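Trainee: I'd like a close look at a single part of this model, chain by chain if need be. Could you walk me through it slowly?

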Amino acid sequence: MVRRIKAFGAFWYDFVIGDDWLVAAGVVIALALTYALSRTTVPAWWLLPLALAVLLPVSLWRGARKR
Amino acid sequence: MGSSSALFIAVFLACVVEAVEATTIVLAAGTARDWRSATSGMAGALAVLAIIVAALGPAVSALPLRGLRLVVGALLLVFGLQWLRKAILRASGHKALHDEEKIFAQQLAAASAQARRQAGLVPDWYGFTLSFKGVLLEGLEVVFIVLTFGANQHDIGLAAIAGAAAVVVVAGAGVAVRSPLSRVPENSLKFIVGIMLTAFGAFWGAEGAGAHWPGSDAALLALIPAIAAFALALVTVMRRSPGGSGRQQAAVAAAATAGERS
């Protein structure tokens, strides 16, 4: 039973988080910051593209280093 | 190209990739084990998927759009970035290319090694479960893509047509050739799908979090080429980095030149 629960958890972790947890964590933080900024008068649309521009190279560097 | 065309292309290409992978598994199960069991497994999985769509479709459509866009945008962004990451690592030589023929051979060998066992009306239980699990898992991704893209753009019908067209085209090709669809440029497709998922994810995620894009839906048509250009630039940079294919080719060329001189 415990093994099945672990396998179930591992499947969903692999399905949603994938190879690099940093990407998922970065996306959540960027969305939270976008929400916070959208409550002010400052435009918030630029934050996610900026987060992508940082997250993707960092994740690639981590992936290449792991190899 | 309008946002409806972008929606159709994104869903179609994403579903082609998933369908190619499912077809490879069914073909391996049918070739190595038993075609009746493999097709029964596929039919069983398609029936389960149809039930999931029937149950989740109306539920997803009924969710408040802003909450849906936030959750789906976050998931698509994570998926898209993971796809793009793998595609860039593959294109730059940091990761082995996805090889459908090799995967087919591995699955064929694994399936051939198992003992045959009849279960009820199914002549070969292993072939049935292999095919069932493969189609169900890849199909769940197709269902997720169709429902979320369709609900977010208020056009589940168009998304469903795109998904169904992809499955029909790939399954038809699989039945026709009865061998892995290695001619499908899967690595390039995954690169494009990664770009599309990331662009739609960023667009919907930001809207769900309360941001407003300049130009509304038209912003997508700027986001997609911008992300594509950025990803291609990263491929160039990664090729030149240690372990990249550019460095390897340069090293091979230098060694060849040195060999000619000596």
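Trainee: How many helices and strands are there in chain B? And once that's clear, please take me through helix 5 of chain B and what packs around it.

Mentor: Keep in mind that this is a predicted model. Chain B has 9 helices and 0 strands, and along the sequence the pattern reads α-α-α-α-α-α-α-α-α. Of the 262 residues in chain B, 48% are buried. Among contacts in chain B with a separation of 6 or more, 83% are between residues 24 or more positions apart.

Now for helix 5 of chain B, residues 125-152. Just after helix 5 of chain B comes B:His154, which takes a positive phi of about 55°.

One partner of helix 5 of chain B is helix 1 of chain B, residues 3-32. The two pack at an angle of about 175°, their axes 8 Å apart. Angles over 145 degrees count as roughly antiparallel, so that is how helix 1 of chain B lies against helix 5 of chain B. On the helix 1 side of chain B, the contact includes B:Leu7, B:Ala14, B:Glu18, B:Ile25 and B:Ala29. On the helix 5 side of chain B, B:Gly127, B:Leu130, B:Glu138, B:Val142 and B:Phe149 are among the residues taking part. By class, this contact has 15 nonpolar, 4 polar and 4 charged residues.

For another helix pair in chain B, look at helix 3 (residues 65-91) and helix 7 (residues 186-208). Their axes come within 6 Å and cross at roughly 150°, so helix 3 of chain B and helix 7 of chain B are roughly antiparallel to each other as well. The crossing of helix 3 of chain B past helix 7 of chain B is left-handed. The residues of their contact divide into 18 nonpolar, 9 polar and 5 charged.

That pair also takes us to the other chain. Here 27 residues of chain B are in contact with 26 residues of chain A. Helix 3, helix 7 and helix 8 (219-240) of chain B each supply at least two residues of the side that touches chain A, and helix 3 of chain B gives the most, with 11 residues. By class, that side of chain B has 18 nonpolar, 8 polar and 1 charged residues.

Notes:
Residues numbered from 1 in each chain as written. Chains lettered and ligands numbered in written order. Predicted model: local features only at pLDDT ≥ 70, side-chain atom pairs only at ≥ 80, totals over all residues. Axes fitted to C-alpha atoms, helices over the stretch in contact; angles between N-to-C directions. Helix = DSSP H or I, 4+ residues; strand = E, 2+ residues; numbered from the N terminus. Parallel < 35°, antiparallel > 145°, perpendicular 65-115°, else oblique. Left-handed = near helix turned anticlockwise from the far one by under 90°. Nonpolar A, V, L, I, M, F, W, Y, C, P; charged D, E, K, R; others polar. Expected span 1.5 Å × (residues − 1). Contact = placed C-beta atoms within 7 Å. Buried ≥ 20, exposed ≤ 12 C-beta atoms within 10 Å, placed from the backbone.
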